[in-house]
Amino acid sequence: MKKTTFVVNLVAWGAVSVLCVVFLAWSASLGGEFGDNTALLALSVYARPVGAFSVAALLTTLLVKKFSLELGARMRVAWRVLGLAPTIAFLLSPVLIPVLPNGVATIFAVVLLASMTIPLIFLLFGLFYGLSLAGVRPEEDDE
């Protein structure tokens, strides 16, 4: 992993983790009562899953750097898709569910409901993303 990739991911996921923890602590102090403020209600839905994703991505990034993990290029892409696709589906689901056909909207609704009821699943997605940051293993020649 390049040093800039490591630093950017470390700073970004560290900041997101801190923001989510601060928001969750603040909302707990209010008792989760936001009144009619839909922005705060939306943030309260997103905070746990995004916080879990960012903590897992942060920790996995640190471990990948510490142990100099190397993976094949295809495996890195697979981990990145497994980590980011469900996360992006979760983040975009409130916007996409009303405009998509029923079958496709159901997939997004399941992802949204699963993330609200089991936010720890986003630890796995963050782990997958962190693994995708591993260095590229040199290709071996078949001779």
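Colleague: Which residues does Tyr129 touch, not counting residues up to four places away in sequence?

Modeller: Please keep in mind that this is a predicted model. With the neighbours up to four places away in sequence set aside, the contacts of Tyr129 include the aromatic residues Trp13, Phe53 and Trp79. The complete list for Tyr129 is Asn9, Trp13, Phe53, Ala57, Trp79, Arg80, Gly83 and Leu84.

Colleague: Which element gives the largest share of the largest nonpolar core?

Modeller: That core holds 18 residues, and Trp13, Phe53, Phe122 and Tyr129 are the ones that touch the most other members. Two or more residues are given to this core by each of α2 (38–66), α3 (73–96) and α5 (121–131). The largest share, 6 residues, comes from α2.

Colleague: What kind of aromatic pair do Tyr46 and Phe90 form?

Modeller: The search of the whole structure finds 8 aromatic pairs. In the pair formed by Tyr46 and Phe90, the ring centres are 5.0 Å apart and the planes stand at 80°, and because planes over 60 degrees apart count as edge-to-face, the name for this pair is edge-to-face.

Colleague: Is Asn37 buried, partly exposed or exposed?

Modeller: Asn37 is placed in the loop between α1 (3–29) and α2, and a polar atom of its side chain lies 3.2 Å from the backbone nitrogen of Ala39. The relative accessible area of Asn37 is 34%, and because buried means under 20% and exposed means over 50%, Asn37 is described as partly exposed.

Colleague: At what distance from the ring centre of Phe6 does Lys65 lie?

Modeller: Lys65 lies over the face of Phe6, while the charged end of Lys66 sits over the ring of Phe67, 5.6 Å from its centre. For Lys65 and the ring centre of Phe6, the distance is 5.6 Å.

Colleague: In what order do the elements run from the N terminus on?

Modeller: The chain has 5 helices and 2 strands, and buried residues make up 32% of its 143 residues. From the N terminus on, the order of the elements is α-α-β-α-α-α-β.

Methods. Residues numbered from 1 in each chain as written. Predicted model: local features only at pLDDT ≥ 70, side-chain atom pairs only at ≥ 80, totals over all residues. Heavy atoms only, no water. Core = buried A, V, L, I, M, F, W, Y, C linked by side-chain atoms within 4.5 Å. Buried < 20%, exposed > 50% of the residue type's maximum accessible area, 1.4 Å probe, protein only. Helix = DSSP H or I, 4+ residues; strand = E, 2+ residues; numbered from the N terminus. Contact = heavy atoms within 4.5 Å. Polar contact = N/O pair within 3.5 Å; in protein donor to acceptor, adjacent residues only side chain to side chain. Phe/Tyr/Trp six-rings, centres within 6.5 Å; stacked < 30°, edge-to-face > 60°. Lys NZ or Arg CZ within 6 Å of the ring centre and 35° of its normal.
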